[in-house]
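Colleague: Could you walk me through how to read this one? I'd like the general idea behind each feature, then the case at hand.

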Amino acid sequence: MNTPSAGQTGTEQTIPDGAQGKVLAQFLGMQYVDRLPDPSPPRDPVRGDFDRIAGSWGRQFLTVPVGGDDAHVVVATADPLNVEAIDQLRVCYERPIKVLVTSPEEVTKAINSIRTSLMSDRSNNLGDSENKDEEDLATQLKIDVTDSDDDDAPIIRYVNAIIFKASSERASDVHIEPFEDRLKVRFRVDGVLYDVASEDKSFQAAIISRVKVMSGLNIAEKRLPQDGRIGLKIAGKDVDIRVSTVPTQFGERIVMRLLDKSGAVLDLDQLGIDAGNLALMKKLLQKPNGIVLVTGPTGSGKTTTLYACLTYINKPDLNILTVEDPIEYQLDGVGQMQINSKIDFTFASGLRAILRQDPDVVMVGEIRDGETAEIAIQASLTGHLVLSTLHTNDSAGAVTRLVDMGVEPFLVSSSLLAVVAQRLVRRLCKHCKVPGEITDEELKEIGLDPAKITSRQIFRPGTSQCPHCQGSGYGGRLGIHEILVIDDEVRGQIINRLDSNSIKTSAMKRGFTTLRMDGGRKVLQGVTSVEEVILATHDDFV
């Protein structure tokens with residue numbers, strides 16, 4: 001598209017607002033509309049630059065096609081005096097133009113809607129890129145250096161399309177991985193990685209540089225790992241992206257973790273916690289002091305559970321403070337602090353500061369060392385309810401981990417209220433799951449006694465190419481949990497320094513439900529599969 005000259009088009013004057021636009025439209029004999037319909041413009045202009053028509057050019061001159069057919073094109077404008085811009089569209093489409101006058105806000109809204117639709121179309125085509133020959137791919141990704149100031153440049157569009165597709169498919173992570181002869185893009189959805197695209201090696205530097213520019217990283221530094229952050233709005237949602245780069249043999253590898261900042265924090269009732277465990281959790285959260293730990297590997301939903309706990313107890317009469325890395329969700333009424341290792345603001349120093357702020361409830365993002373553990377325990381012993389996370393395989397392992405960190409066993413036994421261990425398993429897709437019958441061997445494998453199970457009806461993942469789950473058989477995730485309450489029996493075992501297996505075996509005799517057993521219940525409820533539970537609890541041998 002050529003740029004209309006300001007002297008001929010009147011673009012030096014102020015674009016009229018809504019009220020002035022109505023008067024101007026009436027004077028020029030044009031139709032004025034307060035609200036534009038959903039735009040559905042023709043996308044086949046002769047010059048092939050629809051991206052600019054519905055992008056930088058349209059934003060500059062507040063003029064954009066919003067509809068039409070083979071006979072004519074409907075164009076919305078906030079500046080009907082810009083005759084040359086409208087004439088350019090007429091030449092571009094080679095058909096008559098019908099002009100609608102509207103407010104600048106409506107034109108901008110239409111442009112954003114068209115851009116979102118374009119990005120969605122491109123993201124849907126990403127998975128087919130392996131089938132394109134090199135010439136087609138070069139046409140798609142080639143950077144036009146003469147248009148480098150235009151935010152519609154192809155590499156920028158490509159990276160935007162990757163992020164948009166990841167967000168629309170509920171991906172938690174985007175992996176951009178360089179290999180000897182190609183650049184691979186993979187998404188992690190519901191905990192599982194799968195290939196999205198494979199691009200020519202020649203585009204690697206441009207794509208990686210674009211991501212580094214977006215996240216504020218040093219594009220010249222390629223020898224050291226770097227961490228950054230991107231803040232975006234995708235389809236009206238605030239999305240925070242944490243970016244990590246590391247040098248590899250064939251270039252820098254990038255992982256982007258997506259976090260929907262506008263997503264609502266889940267309630268305890270929405271976490272998939274068994275009714276008995278849920279009642280126990282709520283009872284523990286009413287305690288005035290003590291420590292409740294949530295354990296599990298990275299990506300098992302520990303932070304989500306802690307946020308749900310804080311939401312449950314968040315009342316005006318409580319002073320709730322947190323120290324986190326990073327702050328993943330904004331909680332109304334809760335004072336949240338983020339650690340900063342560059343200035344030596346750690347979990348330990350943050351926790352010390354919190355205790356001088358007269359808290360009732362304290363949440364520590366993670367207990368990473370003995371110093372943080374000691375301060376958390378002292379806080380619980382001086383009348384505070386402390387919530388935190390720990391990286392262990394099961395609930396009993398958290399007890400021995402604290403002792404291994406150097407905390408005295410008598411302090412652990414007197415301060416610890418309970419340990420919640422959890423994993424995430426994929427939900428069966430409700431559209432394609434198929435009924436089946438569970439065998440005795442499968443029941444034993446998921447920790448259930450076949451003699452006590454009356455109904456053998458379960459569901460298994462579908463085998464068809466379901467459009468709702470992309471043929472995976474699963475959609476979304478839920479938690480499986482075990483809660484070890486620190487009663488008198490466990491306290492004695494802690495003081496006597498018994499190992500985690502002994503503590504767990506003893507608790508099971510008193511009715512303790514393991515992770516695998518809780519997962520087995522959810523299999524019988526028809527919400528997940530036997531394979532998912534076994535995979536998630538492979539370290540649960542009891």
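Colleague: Before that, what ground rules apply to the numbers?

Modeller: This is a predicted model, so local features need pLDDT of at least 70 and side-chain atom pairs count only at pLDDT 80 or more, while totals for chains, interfaces and linings use all residues. Residues are numbered from 1 along each chain as its sequence is written, and side-chain values use heavy atoms, with hydrogens and water left out.

Colleague: What is the mean pLDDT of the chain?

Modeller: pLDDT is the predictor's confidence in each residue, from 0 to 100. Here the chain's mean is 85, with 86% of its residues at 70 or more.

Colleague: And where does pLDDT stay under 50?

Modeller: One such stretch is residues 6-13, for which the model has 12 contacts beyond four places in sequence; contact means heavy atoms within 4.5 Å. Residues 129-152 are also below 50, and that stretch has 36 contacts beyond near neighbours in sequence.

Colleague: How many helices and strands does the chain have?

Modeller: Helices (H or I, at least four residues) and strands (E, at least two) are DSSP runs, numbered from the N terminus. By that count there are 20 helices and 19 strands. Of the contacts between residues at least 6 apart in sequence, 66% join residues at least 24 apart.

Colleague: Now helix packing. How do I read a pair?

Modeller: Two packed helices are described by the angle between their axes and the distance between the axes. The axes are lines fitted to C-alpha atoms, for helices over the stretch in contact, and angles run from 0 to 180 degrees between N-to-C directions. Take α10 (residues 275-285) and α11 (residues 302-313): their axes come within 10 Å and cross at roughly 65°. On α10, the contact uses Met281, Lys282 and Leu285; α11 brings Thr305, Cys309, Tyr312 and Ile313.

Colleague: What classes of residue make up that contact of α10 with α11?

Modeller: There are 5 nonpolar, 1 polar and 1 charged residues. For the classes, Ala, Val, Leu, Ile, Met, Phe, Trp, Tyr, Cys and Pro count as nonpolar, Asp, Glu, Lys and Arg as charged, and the others, Gly among them, as polar.

Colleague: On to salt bridges. How many does the structure hold?

Modeller: Side chains of opposite charge can pair when their charged atoms come close. The cut-off is a side-chain nitrogen of Lys or Arg within 4 Å of a carboxyl oxygen of Asp or Glu. The structure holds 24 of them. One pairs Asp240 with Arg229 (3.6 Å, N to O). Asp240 sits in strand β9 (residues 237-248) and Arg229 in strand β8 (residues 226-234), so this bridge ties together parts that are 11 residues apart in sequence.

Colleague: Is Asp240 buried or exposed?

Modeller: Buried means under 20% relative accessible area, exposed over 50%, and partly exposed in between (1.4 Å probe, protein chains only). Asp240, at 11%, is buried, whereas Arg229, at 35%, is partly exposed.

Colleague: How many residues of helix α19 are buried?

Modeller: In α19 (residues 515-524) it's 8 of the 10, so the helix is largely enclosed by the rest of the structure. Among the buried ones are Leu515, Arg516, Met517 and Asp518. Across the 542 residues of the chain, 50% count as buried.
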